[in-house]
Amino acid sequence: MRQMPRLLRAMEAIGGDIAPEAVLERIVRTAAELARARYAALAVLNEDGDGVGRLVREGRDPVPDGDGPLIRMLLDGTRHGPPGQTAGTLLVPVPVHGVRFGVLQVTARTDGTGTGTGADGDFTDEDRQMLRILATEAGIAIGNARLHEAVRQQARWMDGSLELSTALLSADEDNTLAVVAEQARRLAEAVTSTVLEPAPGGDLEVVAASSVPAAEAARLLGSTVPADSPAARRVLDGEPVFVDDPAADPRLVTGLAQGQGPSMLLPLAADGTPLGALSLARPPGAAPYTVPERALATQFAQQAALALVVGRARRDREQLAVLEDRDRIARDLHDLVIQRLFAVGMTLESARRADPPDDVRDRIDTATRELDATIQEIRTAIFALQQQPDEAPTSLRTRVLRETGTAAQTLGFSPSVSFTGPVDALIGEGVARDLVAALREALSNAARHARASRVEVTVDAASGDAVRLTVTDDGVGVPADRARRSGLRNLARRAEALGGSADIGPGPGGTGTRVTWQVPR
């Protein structure tokens, strides 16, 4: 074969790249040069095998609808050109690993002078044979490039999954979902990545997002996929959703599809329990996700769900250890500290019955009252230690402690809190709601006007049929006219609506301020 040196050079040329897109372009360019054709094209099947996924051209086709025979041969799966093929066009199949992959076409053979000005001629049998050999070599080159790309992608996703697991096990719970979104976006070469969790109404709500540009992520937070949409139903059943064109696909009836290109909605589940979903989207006009990319992303979502479960379990164990330690502290306070304080109090009572001098009796009474107040505070601390912050019932004790904890930020110190009687059992929800509102206002007044260094809060449900809230501070006091105009008005209105009363006056010894709010239980 006289053209063997040119064929060998062409075969060497198409093997010089490993990037799939670059290989396809080099094949078309080399085919045109080898066959001395003015035009060459390579049509590649799509992932489903039922259409053209890629059409690579070199030169200008001199024949109207010149790609028609090429596409028909590709879709028909024949090994020879379709009827009506002219001698000025060659069509040869390009198999990859023995499977139909594409069809290579060359058109309009020149005279071989290299000037491009000679008359077009017909291709010879030798041209056809060389093109078939080139197509076979092209299939090998494409197969190698695809294999290299698959290995590269798999290694990248595996490394990313390992980095994700490490990051999730060391990240704070508030940051774990953001880590998943950021890592998934980077690996999938997407512009947006969101993590969705089931909302109370059943919709899927975006709780974490990563995007390019970063400002887009803020817009996505809070977006929802309706519970009755096909995409939500399918992903919560554990099946992934792949969309090539979100704008034309009815399955994504959601703001997530606006202005996006090819997308994936992947389930996050562990042991059959749905935890949420991972959404990935490329820009409009981008290439759809390939079958290997879809498989790798699905595996990543499974790994992310497992890492999330492991991370949550680790944090649950840590929280359990903290709660157990708090229970131990609460038991020690109750069994040891309070019992010792009771013993001291009884000793003081015994000393008082011994008829000591008046000044000594006054000191004993003062010490006894301080012990009683200390015991009340310790009991309050025990109650607070026994509550789980995220799961504690909204009892009156809990709400009072939360209000005083919030007020500590503006006061600069924590108020002292004590409860008398079974406040949670005796005080109804309606009274409790207004009592908390009155407490909030009294603490706010103390923070704004009192300039106090100590605030005491007492909730008493053991005084007959009434509940009494007392807030006492050691500050400068509130002028009578200001009390009447501001604080007392709102407090009194709440109390009177429940058949009670409110009063603001000086504290013990005439210093500071005491707010008393009392209503029937």
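Helix α10 has 16 residues and spans 22 Å from its first C-alpha to its last, close to the 22 Å expected at 1.5 Å a residue; the expected span is 1.5 Å times one less than the number of residues. Helices are DSSP runs of H or I with at least four residues, numbered from the N terminus. This is a predicted model, in which local features need pLDDT of at least 70, side-chain atom pairs count only at pLDDT 80 or more, and totals for chains, interfaces and linings use all residues. Residues are numbered from 1 along each chain as its sequence is written, and side-chain values use heavy atoms, without hydrogens and water.

Buried residues of α10 include Leu396, Val400, Glu403, Thr404, Ala407 and Leu411. Buried means under 20% relative accessible area, with a 1.4 Å probe and protein chains only. Glu403 lies in α10 (residues 396-411) and has a relative accessible area of 16%, so Glu403 is buried. Leaving out residues up to four places away in sequence, Glu403 touches Val436, Leu439, Arg440 and Leu443; contact means heavy atoms within 4.5 Å. After α10 comes Gly412, with a positive phi near 90°.

The structure holds one aromatic pair. The ring centres of Trp157 and Phe300 are 5.6 Å apart and the planes are at 70°, so the pair is edge-to-face. Rings of Phe, Tyr and Trp (its six-membered ring) pair if their centres lie within 6.5 Å, and planes over 60 degrees apart count as edge-to-face. The pair links distant parts of the chain, 143 residues apart.

| Ring residue | Helix | Burial |

Technical notes: Helices (H or I, at least four residues) and strands (E, at least two) are DSSP runs, numbered from the N terminus. Buried means under 20% relative accessible area, exposed over 50%, partly exposed in between (1.4 Å probe, protein chains only). Rings of Phe, Tyr and Trp (its six-membered ring) pair if their centres lie within 6.5 Å; planes under 30 degrees apart count as stacked, over 60 as edge-to-face and the rest as tilted.
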